[in-house]
Amino acid sequence: MQAGGLGADQIQQIQLGGKMSDLRISDRGRVDHARPVRFTFDGKTFAGLEGDTVASALLANGQHLMGRGFKYHRPRGVVTAGSEEPNALIGTTRGPGQFEPNTHATMQEIYDGLSTESQNKWPSLKFDIGAINDRLYMLFSAGFYYKTFMWPKSFWDKVYEPFIRRAAGLGRSLTYLDPDHYASRYLHCDVLIVGAGPSGLAAALTAARSGPSVVVVDEQAEMGEALLSEPSVEIDRDQVWGWLASTLAEPASLPNVRLMNRSTAIGYYHQNMVGLCQKLTDHLSDVPADAPRERLWRVRAGQVILAQGAIDRPMVFDGNDRPGVMMAGAAQTFLNRFGVKVGVRPVILTSNDSAWYTAFDLADAGCKVAAIVDTRTDIPPALMQAAMSRQIEALTGYTATATSGRLRVKSIRVNPVRGGRVGAARTIACDAVLMCGGWTPSLHLFSHTKGSLEWDAKAKAYLPGHKTEAVHIAGAGRGLWGIAAVLADGAQAGADALRDLGRKAGAATYAVTNDRTGTGITQKELPTDRSPSSAKAFVDFQNDVTAKDIRLAVREGMRSIEHVKRYTTNGMATDQGKLSNMNGLTIASDALGKDIPQVGLTTFRPPYTPTTFGALAGYHKGSHFEVTRKTPIDSWAVENGAAFEPVALWRRASYFSKAGEDMHAAVNRECRATRQSLGIFDASTLGKIEVSGPDAVEFMNRMYTNPWAKLAPGKCRYGLLLGEDGFIRDDGVIGRMRDDLFHVTTTGGAARVLNMMEDYLQTEWPDLQVWLTSTTEEWATIAINGPNAHKLLAPLVEGQNMSDAAFPHMSVAECTVASFPSRLFRISFTGELGFEVNVPARHGRALWEKLMEVGKAYDVCPYGTETMHILRAEKGYIIIGQDTDGTVTPEDAGIGWAIGKAKPDFVGKRSLAWPDIVAKGRKQLVGLSTENPKDALVEGAQIVLDPKQPKPMKMIGHVTSSYWSEALGRSIAMAVVQGGFDRMGDTLHIPTADGGSQAAKVTGSVFDDPAGDRLKVE
Amino acid sequence: MNASIKSFDAISVTVLPAVARLNLRIAPANLEVASAAFGLPLPGKIGQRVAANGRAAWCLSPDEWLLHGPEAEQTAIVADFATARVKAPRSLTVISDREFTIAITGPRAQELLSVACPLDLSGMVPGTAKRTLFDSAQVVLIR
């Protein structure tokens, strides 16, 4: 079947496993035997059938070896047939650039052209140099991360960290952009059913017939779960697959029901929100253009029914990880659902009745079952008889102590256990070991809700206890066994959900024949006649944790399962211990000599199975990564060569380069032009809030530090907002438009300021008649600054006398500018004569263009945020969040004058009297003048008194703003420095990254025009 | 807008012509004064709409109404409320340019909204409004 020639290993496998073509049973299973599919694994072409997974197709070709272990690089084969698979994690390539690591071979459907590869091997899967770790296993004992990587310290960068990084994950991660796209949806329904096995489907039928909206999700390509692997069962006198077809057809025909396959419920969140990841195209050979690869659903459900079944538990014994050793339940699935014999001479190793049925199915399909090895001595006679009638040898009261075989199991060593003593060994030749150490109810999603799990001593399992959500658990998830039992339980869960929705419904009943009920026991690692300390008895296949690692962790002092887990990494791989947690817990509790519930249980976290970043990101990528807020003048800036920078959520022009200019040259030119004649600046991103109502002035008095009562309509004032702690939160110029109306401007954090105001208004002062409305986006704001600002603007204004006397600095008026209705402010954030024109946003660009045209007479120069920053710094105007960091008071910032000393109260007033706030030596905002005027300091750099002091140096502050000032011909900087106001004239030092330091003198923070003469109209 | 606007068979997305949009805040006890000023009996229940003569009003929160009118009437509406201000304190803010309205029509309109709107819109009565989110953007949905 393979395209290439056969290698020695494959010939060996054929001898062991019979003719490869014999492994696929024609006309058996749910695969389409008439539709062959070709795909590649590690470069070789394999043939499978439509409906196969990579795992079932490889097994049909006798290929068990699918990967290498994480720590010891031991050869590993497929263990399960589902999403709990710890070993068969492969890389899949679907098309150019479409690669995914760690895909479950047991979940990935094959299609023509699919390319897959094994992982964690070099140079090849069959010969892997890393397998040397297997011989050095004593170095990799429990806690080796903590022990090995401590010393010497110099090994960190070159040895330990690269090792940990390489070892930290299986597979290779992408180094290029994911070309696929991903979708997301919200969905609301009355009943969400997770898992479409017998209990989920019975719940769905009951719920759907009553009429509410029902969503059924299942992670598999095909719905049915256990029913797909149990074809001998009959339900209501119908062969189970016939029953399944008609059962699925009914809800599929109902408009109130949505069936979603290939959809994994990845997380269960508050108030019955369940996240689903739906795979849409990974199984398709021809993907429709523009089809999203996956869709993330956020489902808000009235009632949730979890019917996730149970996962079979491995047996822990030496060599239990050899390819060919797998779960009996998986072998049954491969046989009955995919028509694949996982071997022709299997041995069953079990402590549960269920694996006996696997043996029978395999024997009936023509396999020579070498033996059923059961750790129990008390076996139901019916099973013993059924084994005998098939001439299967049953070894009861036996343990398994070793396996042999390099890339595939060749034999298993078993010993009788009599009176607690392990007897003489016997070796049984085999090509597969199919184990079942019990069943673990799948309660991961329930665990997400923080519902309590209670230990059921009879079932030897944790079962759902107290619920925190409107959730019902049905079927094997709550420890039930047998198709009849879970059908009835599912129907009851459906009825219970309807009752909780206030609807009436009776649970349907089902007649089941050939049901395979049974019981079993669970156990710690199997007893052995050999030294347990050299046994490689794996508990966690994915993280390579053995039974002796867990016992070592207990010996070294770990008492809680949470500590054992972290020390050994048991259950910490991407499978979250679906197979290993209960075995690990059983062994740890045995080592501690305590009952299992006393040792505890670890918590499952979302996602249930590994989920792509793409699905979680959805539409948030590339240009859609985040909403880009653009000003009404943004398009002009684009057309005129602006460089942009993100400022909060806004995109702002940072400078406008002319041909040949770098940023530095452009910014210097913009600064010069503005100081010398006229600059124009898009300030539309300024936050704006209307504070309106008869109590507006009282509200302003309470919120802001400044006094507002005497501010006349038509005037504006700098406003300072503190938090309750007395630290600066925000600032801005506030205009009084009318007695009862303020036009408040804020920093870019307008939404935060509005929230804070609303918070106070609604919770502290609900008596005030005042209302707050965000108007940030209503207005386009254009700032005009420079000696010629008045000359440009005055002729364009109607409805306001623009003389210096009638419209002095800090005035505001409603008028028209260039015939656009406008709120005109005379204010300055540059120290130059300045105006800010607000017009309705739609007129923003037209006004800008008009001002540019008229401004030609004054060589008007558009400038960006860089120049704005420099011009304001030259004047010592602070920027909240740059020169302050949430620990700066008005006095620290040198703006204590903005506090209305006579006011009885304002937010933060009382905190300003705290001893620490009035203490000397606080960090205070000062200017810094470098000794070398050409030296510019680095923003954020730390400041010290003596650069020669030993490390770690005592840091007394940091640089908050630093620029080249074209106006002053030197660098300028602002900094917060301990006791800065008392250090005027002192020289401080700023250590640099290269080990040197820069010296700077402490100055006032107003560098240019301290008298403010330039604000005046000439 | 980051995405281009496209029309499909099942759905069309268009930016509607400009209207006068105003945000009214007033104590419910004074609603009659506002109703008289606007010329429509303003609805008292959140989400409800009243519309006539090219004007419409939706109640968005206990003391908040969204008013729509023809663009040409914006100045007159503001003036009428200014007169009424002496009778009852309120806040009336022009937000015509603060936002714009997108019409989403077609059999799959609700499905398109479910891409990023967390609310269950299936039971939303035509004519009513809800303030909600579309992804990270605040929106007012009018059915």
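Me: How many residues does the contact take from chain A and from chain B?
Reply: The structure is a predicted model, in which local features need pLDDT of at least 70, side-chain atom pairs count only at pLDDT 80 or more, and totals for chains, interfaces and linings use all residues. Residues are numbered from 1 along each chain as its sequence is written, while chains are lettered from A and ligands numbered from 1 in the order in which they are written. Two residues are in contact if their C-beta atoms, placed from the backbone, lie within 7 Å. The contact takes 22 residues from chain A and 19 residues from chain B.

Me: Which strand gives the largest share of the side of chain A that touches chain B?
Reply: Strands (E, at least two residues) and helices (H or I, at least four) are DSSP runs, numbered from the N terminus. At least two residues of this side come from each of β8 (182–194), β36 (687–692) and β40 (771–774) of chain A. The largest share, 5 residues, belongs to β8(A).

Me: In what order do the 5 strands of the open sheet in chain A run?
Reply: Two strands pair if DSSP finds at least two bridges between them. The pairing in this sheet is parallel, and the edge strands, β17 (325–327) and β20 (394–396) of chain A, each pair on one side only. The order is β17-β25-β18-β19-β20.

Me: Which residue of β25(A) stands opposite A:Val325?
Reply: β17(A) pairs with β25 (residues 432–436) of chain A in the parallel sense over 3 bridges. The residue opposite A:Val325 is A:Val433.

Me: What angle does the direction of helix α10 of chain A make with that of β25(A)?
Reply: Axes are lines fitted to C-alpha atoms, for helices over the stretch in contact, and angles run from 0 to 180 degrees between N-to-C directions. Helix α10 (residues 328–338) packs on the sheet, touching β17, β18 (346–350) and β25 of chain A. The angle with β25(A) is about 115°.

Me: Why is α10(A) largely enclosed by the rest of the structure?
Reply: A residue is buried if 20 or more other C-beta atoms, placed from the backbone, lie within 10 Å of its own, exposed if 12 or fewer, and partly exposed in between. The buried residues of α10(A) include A:Phe334, A:Leu335 and A:Arg337. The helix is largely enclosed because the buried residues number 11 of the 11.

Me: How far apart do the C-alpha centres of domain 1 and domain 2 of chain B lie?
Reply: Domain bounds come from an automatic or database domain assignment, which gives domain 1 (19–94) and domain 2 (100–142) in chain B. Their C-alpha centres lie apart by 23 Å.
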